[in-house]
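Subject: Structure handover, salt bridges

Hi,

Here is the structure we discussed.

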Amino acid sequence: MEVLIILFPLFAFLLIGLFGRRLGDLPSAIIAVLGSALSFLFSIPALLKALNSPFSVKLYDFISLGSYTLTLGLYFDSLSAITTSLVCFISTLIFIYSIGYMENLFGQWTYKFYAYLSLFLFSMLLIVLSDNLLGMFFGWEGVGLASYFLIGYFHQQKYATNSAFEAFVMNRIGDWLYLFGIFSIFYLFGSLNLLEIFSKVKEIDPNLLGLAVLLLFGGAVGKSGQVPLHTWLPNAMVGPTPVSALLHSSTMVAAGVYMVARLYPVFESAPQSLKVVALIGGLTALFASLAATSHTDIKKIIAFSTMSQLGLMFLALGIGDRSSAMFHLTTHAFFKALLFLSAGSIIHAFHHHARNIYEVGGLKKKMPITYATFFVGALALAGIFPFAGFWSKDLIIASSYEAGFGLGVFVSFVSFLTAYYIFREGFVMFYGPERHKEHFEEEPHEAPSVMLVPMVVLAIGSAVVGFFEGWYMGALKDNKEMHLNIAISSVVIALLGIGLAYLVFVKRVLDPEKLYQSLKPIHTTFREQFFTERLYHEGFARGYMELSRSLFLAGDRFLIDGFINLLNFLYFRVVKFLWVKLDIYTVDLFVHGIAKFSFRFGRKASLIQTGLLNNYLAFLLFGLVVLLGIIIYFMG
């Protein structure tokens, strides 16, 4: 029965993909919701069973490689079973929300959108539940393909297609590293089965293992939008908001963190490589937080928050705290989905035209439920007690201080920035003047119930899921506890960030415009992501295109085409010479000469054909005389 968990979304994808046009958009949406909901329901007994004792489900023998047979199957333990239920639950809520969000597009082949969502969920579950690296890779590529379809869903917009292409290319870079990592693991272990790999990990040379681990981590860097393969993640916000929520909460970008946690026994055996994981995670956490403080796009700010929080998870993994990283991934799924859906509610209220936080304002009275849910998500993200982020983020902060005081201060500073930028966004949108009247004709209104109910459920989850910290740590067999001094200091730091945002954007003790003018170079640097996006687009991408164009002109047009054209010229010159000298002056002259001689000789010879008997008798007599003369000559 456990295999049905991954089959329900697959069935939904196939059913909608094959018959969605006949079924219609709303029935297709309902099928997608049912596929996700049934997967969640079937994941509950599997979770309870896995908590008691891990178990495997064999699917089939995939391929034989000499004496080794690669078997595809599913593996349920505490980590995979909890993550499966989380993914299915969050996805179900987002799928329900999307019915209201996409309703205005019904009748425009929107059934394809729900087919892609189901494919996305199936692929993510394949990553989570596969008992071997090959199955994980199939899911890995599946979420990449589905994200390409969904990010570029509004394909009539060039920016959407460019963003989808960028996401695809960046992920392909990471995926190649991940694939080479899988090859390396198979070379070292002679197996791709996770349990077999874990049982042999102590026998492998740490240096060789470290290389394989770094290649695998390269895939995580691309999939989770970490520096330097990060630029696609904020640009992916051009897709529909349910896609953004799904990407950032429980599917694609979470796959990189989950993969490292799933293979953690392998990563632990290469401790030097874990330092790289921590370095990349910490760098991305700070990088994305600074970028978020200056951006004004409603969804991009939350996207940079995802990059930053994932960076903190990788940092925790790098310093040896797997359980805290995964618990933060769990709580993050709730409040990050909530923040995106709340942002989507605002965008939906303005008929999908609102994009900039400074285009709206004073929405607190117009959209009270969206206001409440957004700030619940913001409080959870900032780490305010008792919301979910407080419990999980503080565990990471505590681990950082244990690893080193400087590292703890670094993570605390990132937490300060997090509280500042998310409340900056909320204060600008929900307080202050009603700026929407200057930009839009529509009056804002609260979202329909089909969108509000998932938001409220996620808000409740964001408020209470942190209290399951002890249960979660027990399930992962970790005794980590929160320190009171860390808890108090982290809340104070978060309140300082919130207070700064409140003073600037609500009370306007400091004028934001004057601050912007005085700090414009720093603001521009942060907004441009330290110019990395421009470097990639204008430097690497355009440079590659210019290099390709130069190589095309110099190599293809000048060298190859020039050589071919020269051969063509010489060939025709030789052929013409041979045609004139050999064909015309020799062959034709000889053939024509024979023809002319034959014609003239025949014409002369025809004169003896007179038709008179006496002439023929005379010729006969003349011939006999000549013949006798010849005979006499040779006999004498």
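A salt bridge here is a side-chain nitrogen of Lys or Arg within 4 Å of a carboxyl oxygen of Asp or Glu. Keep in mind that the model is predicted. By that rule, the count comes to 8 salt bridges.

Start with Lys366 and Glu443. Their side chains meet in a salt bridge, at 3.4 Å from N to O. The pair links distant parts of the chain, 77 residues apart. Lys366 sits in helix 16 (residues 363-366). Glu443 is in the loop between helix 20 (436-439) and helix 21 (449-464). Both ends are partly exposed: Lys366 has a relative accessible area of 31%, and Glu443 has 41%.

Next, helix 6 (residues 158-189). Asp175 and Arg172 both lie in it, 3 residues apart, about one turn of the helix. They form a salt bridge, with the closest N and O atoms 2.2 Å apart. Buried or exposed? Asp175 is buried, at 4% relative accessible area. Arg172 is buried too, at 17%; the cut-off for buried is under 20%.

This pair also belongs to a network of salt bridges. Its members are Glu141, Arg172, Asp175 and Lys223.

One more pair to look at: Lys58 and Asp61. Their closest N and O atoms are 3.3 Å apart, and they form a salt bridge. Lys58 counts as exposed, because its relative accessibility of 57% is over the 50% cut-off. Asp61 is partly exposed, with a relative accessible area of 43%.

Best wishes

Technical notes
Residues are numbered from 1 along each chain as its sequence is written. This is a predicted model: local features need pLDDT of at least 70, side-chain atom pairs count only at pLDDT 80 or more; totals for chains, interfaces and linings use all residues. Side-chain values use heavy atoms; hydrogens and water are left out. Buried means under 20% relative accessible area, exposed over 50%, partly exposed in between (1.4 Å probe, protein chains only). Helices (H or I, at least four residues) and strands (E, at least two) are DSSP runs, numbered from the N terminus.
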